[in-house]
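Trainee: I would like to learn how to read a model of this kind, feature by feature. Could we take the general idea before the particular case each time?

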Amino acid sequence: MDDRMFRTAMGKFATGVTVITTEVDGEVHGMTANAFMSVSLDPKLVLISVGDKARMHDLIKRADKFAVNILSEEQKEMSMIFAGQIKEERNVAFEDFEGTPIIKDSLVNLACNVYDAHEAGDHTLFVGEVLNLNVQDGEPLAFFEGKYKQIS
Ligand code: FAD
């Protein structure tokens, strides 16, 4: 089993797409992530996995909070912006939610405090306690075999 085979296998797991957002010293930073899951109902916990080399890694540690924005099928461009797949800088408008920046028109925004962090190989698993959330109707952006997909 080499790295490519492992990536190919993991890519067979169809997911939604999120953008993680946080703010440090008045600067907002976003990062596309599909390693996201719901963990616990009581307390309400979610989990994200962030690569140690990602800028987001240190920023979450500093901010001690983050938001998860679950993207709709109309927000593919947001995913591309925050994955570095669009090279030119784009001006993205954020809104404040519970003291954390969020992306408007997402299917869901979850404002979280860092509840726990576990190092796992070359990633860190951040467990977030959900402080508040917004939910909207719409179809999700999906990701499968390294490509964006639409469910509808
Ligand atoms: P950078 O690479 O510096 O920033 C990412 C991009 O966002 C840059 O282009 C930057 O210009 C832009 N950006 C950041 N903040 C702003 C702002 N305020 N306004 C406008 N633009 C801004 N990596 C993981 O660690 N975990 C995952 O679960 C994960 N899942 C992914 C799922 C998908 C579908 C894709 C495509 C990528 C995924 N990645 C994941 C990879 C990750 O998104 C990229 O490696 C990303 O570039 C890492 O971000 P960074 O924090 O290092 O910041």
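Mentor: Let us begin with a cut-off: a residue is called buried under 20% relative accessible area, exposed over 50%, and partly exposed in between. Glu98, with a relative accessible area of 40%, is therefore partly exposed. Please keep in mind that this is a predicted model.

Trainee: Where does Glu98 sit, and what is its phi?

Mentor: Glu98 is placed in the loop between E7 and E8, and its phi is positive, about 55 degrees, although the residue is not a glycine. Glu145 is found in the loop between strand E11 (141-144) and strand E12 (147-150), and with 40% relative accessibility it counts as partly exposed.

Trainee: How many helices and strands does the protein have, and what radius of gyration goes with its 152 residues?

Mentor: The secondary structure comes to three helices and twelve strands. A compact globule of 152 residues would have a radius of gyration near 15 Å, and the protein, at 15 Å, agrees with that. Along the principal axes, the C-alpha atoms fill a box of roughly 40 × 35 × 35 Å, while buried residues make up 38% of the 152 residues. For the contacts, take those between residues at least 6 apart in sequence: 65% of them join residues at least 24 apart.

Trainee: What can be said about the surface and the charges?

Mentor: The accessible surface comes to about 9,300 Å², and 50% of it belongs to carbon and sulfur atoms. There are 15 positive and 25 negative side chains, with the centres of the two sets 8 Å apart.

Trainee: How many aromatic pairs does the structure hold, and how is such a pair described?

Mentor: A pair of aromatic rings is described by the distance of the centres and the angle of the planes. The structure holds two aromatic pairs. One of them is formed by Phe82 and Phe94, a tilted pair with 6.1 Å from centre to centre and 55 degrees between the planes. This pair links distant parts of the chain, with Phe82 in helix H3 (residues 76-82) and Phe94 in strand E7 (residues 94-97), twelve residues apart. Phe82 counts as buried at 13% relative accessibility, whereas Phe94, at 28%, counts as partly exposed.

Trainee: Which residues of H2 are buried, and what covers them?

Mentor: The general idea is that an α-helix has 3.6 residues a turn, so residues three or four places apart point the same way. In this case the buried residues of H2 are Met56, His57, Leu59 and Ile60. Their cover includes strand E2 (18-24), strand E3 (27-33), E5, strand E6 (65-70), strand E9 (108-120) and strand E10 (123-135). His57, in helix H2 (residues 55-63), is buried with a relative accessible area of 8%. Leaving aside neighbours within four places in sequence, His57 is in contact with Val50, Gly51, Asp52, Thr124 and Phe126. H2 is followed by Asp64, whose phi is positive, near 65 degrees.

Trainee: Is Ser49 buried or exposed, and what does Ser49 contact?

Mentor: Ser49, which lies in strand E5 (residues 45-51), is buried with a relative accessible area of 16%. Beyond its neighbours within four places in sequence, Ser49 is in contact with Ala35, His123, Thr124 and Leu125. The C-alpha atoms of Ser49 and Ala117 are separated by 9.6 Å, although these residues are 68 residues apart along the chain. Ala117 itself lies in strand E9 and is partly exposed, with a relative accessible area of 38%. Not counting residues up to four places away in sequence, Ala117 touches Thr124, Leu125 and Phe126.

Conventions:
Residues numbered from 1 in each chain as written. Predicted model: local features only at pLDDT ≥ 70, side-chain atom pairs only at ≥ 80, totals over all residues. Heavy atoms only, no water. Helix = DSSP H or I, 4+ residues; strand = E, 2+ residues; numbered from the N terminus. Rg over C-alpha atoms; globule rule 2.2 N^0.38 Å. Buried < 20%, exposed > 50% of the residue type's maximum accessible area, 1.4 Å probe, protein only. Contact = heavy atoms within 4.5 Å. Areas by Shrake-Rupley, 256 points an atom, 1.4 Å probe, with all protein chains shown as cover. Lys, Arg positive; Asp, Glu negative; His and termini not counted. Charge placed at Lys NZ, Arg CZ, Asp CG, Glu CD. Phe/Tyr/Trp six-rings, centres within 6.5 Å; stacked < 30°, edge-to-face > 60°.
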